[in-house]
Each structure stands twice: as C-alpha cells, then as structure tokens.
Amino acid sequence: RVKIKNRDLKCVLCGNTSCLEVHHIVSWVDSEEGRFDPMNCVTLCKSCYTRADNAHHKDAIRPMLLAYLESV
C-alpha cells in the first residue's frame with residue numbers, strides 16, 4: 001500500500017490528496033494473483049473509492065484506472 005501511495009501521491013481520478021486509499025481494479029475475490037500486483041492497484045480518495053466500488057460506476061471507472069496505469 002505504501003508503494004502504491006508513493007507512486008501515485010494523490011487520487012488518480014480527482015487529484016485529491018487527503019483520505020487516500022488503495023483500490024484494487026480487479027477485486028481480491030476475482031483475482032488471487034492480482035492481490036499484490038502493483039499494476040492492479042491505484043490510489044483513490046475515499047469518495048472516488050466508493051464510486052469505483054459501486055456497481056453503477058465500476059464499468060465506467062475501470063477504463064480510466066487502466067489508462068492511468070498504462071501511463072505510469
């Protein structure tokens with residue numbers, strides 16, 4: 001988690017720098033090998049984290065998170 005937060009430094013969606021959490025793009029349940037893969041994790045603020053986990057927003061947000069990871 002520390003490495004991911006140090007890589008991203010802020011929420012990769014909105015740029016917020018407070019209340020940061022590490023989000024798994026592919027959940028732990030769906031991918032055991034993705035649990036510790038830094039290319040499956042991004043830093044999100046609490047608000048964006050909640051939206052990224054919400055079933056209504058997940059499909060729209062996932063491509064943005066993957067695009068960010070391709071740029072790092």
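## The largest pocket

By class, six nonpolar, one polar and four charged residues line the largest pocket of this predicted model. Its lining is made by Arg-1, Lys-3, Ile-4, Val-22, His-24, Trp-28, Arg-35, Phe-36, Asp-37, Pro-38 and Cys-41. Helix H1 (2-8) and strand E1 each bring at least two of the lining residues. The space inside comes to about 190 Å³.

A pocket is an open set of points on a 1 Å grid with protein on both sides within 12 Å along at least five of seven lines, and lining residues have an atom within 4 Å of a point. Volumes are the space filled by probe spheres set on the points. Helices are DSSP runs of at least four residues, strands of at least two. Ala, Val, Leu, Ile, Met, Phe, Trp, Tyr, Cys and Pro count as nonpolar, Asp, Glu, Lys and Arg as charged, and the others as polar.

Residue numbers start from 1 along each chain. Since the model is predicted, local features need pLDDT of at least 70 and side-chain atom pairs 80 or more, while totals for chains, interfaces and linings use all residues, and side-chain values use heavy atoms, without hydrogens and water.

Trp-28, one of the pocket's lining residues, sits in the loop between strand E1 (20-24) and strand E2 (41-45). Its relative accessible area is 35%, so Trp-28 is partly exposed (buried is under 20%, exposed over 50%, partly exposed in between, with a 1.4 Å probe).

Together with Val-29 and Phe-36, Trp-28 makes a nonpolar surface patch of about 400 Å². Patch residues have over 30% relative accessible area and no salt bridge, and nonpolar side chains are joined within 5 Å.

## A cavity

There's also one cavity of 30 Å³ or more, a cavity being a set of points where a 1.4 Å probe fits but cannot get out. His-23, Ile-25, Ala-52, Lys-58, Ile-61, Arg-62 and Leu-65 line the largest cavity. Helix H3 (residues 55-71) gives the largest share of that lining, four residues.

## Two salt bridges

The structure has two salt bridges (a Lys or Arg side-chain nitrogen within 4 Å of an Asp or Glu carboxyl oxygen). In one, Arg-7 meets Asp-8 at 2.8 Å, N to O. Arg-7 is partly exposed at 27%, whereas Asp-8 is buried at 6%.

In the other, Lys-46 pairs with Glu-21 at 3.7 Å. Lys-46 lies in helix H2 (residues 46-53) and Glu-21 in strand E1, so this pair ties together parts 25 residues apart in sequence.

Terms used:
Patches are made of residues with over 30% relative accessible area and no salt bridge: like charges are joined within 9 Å, nonpolar side chains (Val, Leu, Ile, Met, Phe, Trp, Tyr) within 5 Å. Accessible areas come from the Shrake-Rupley method with a 1.4 Å probe; for residues, only the protein chains shown count as cover.
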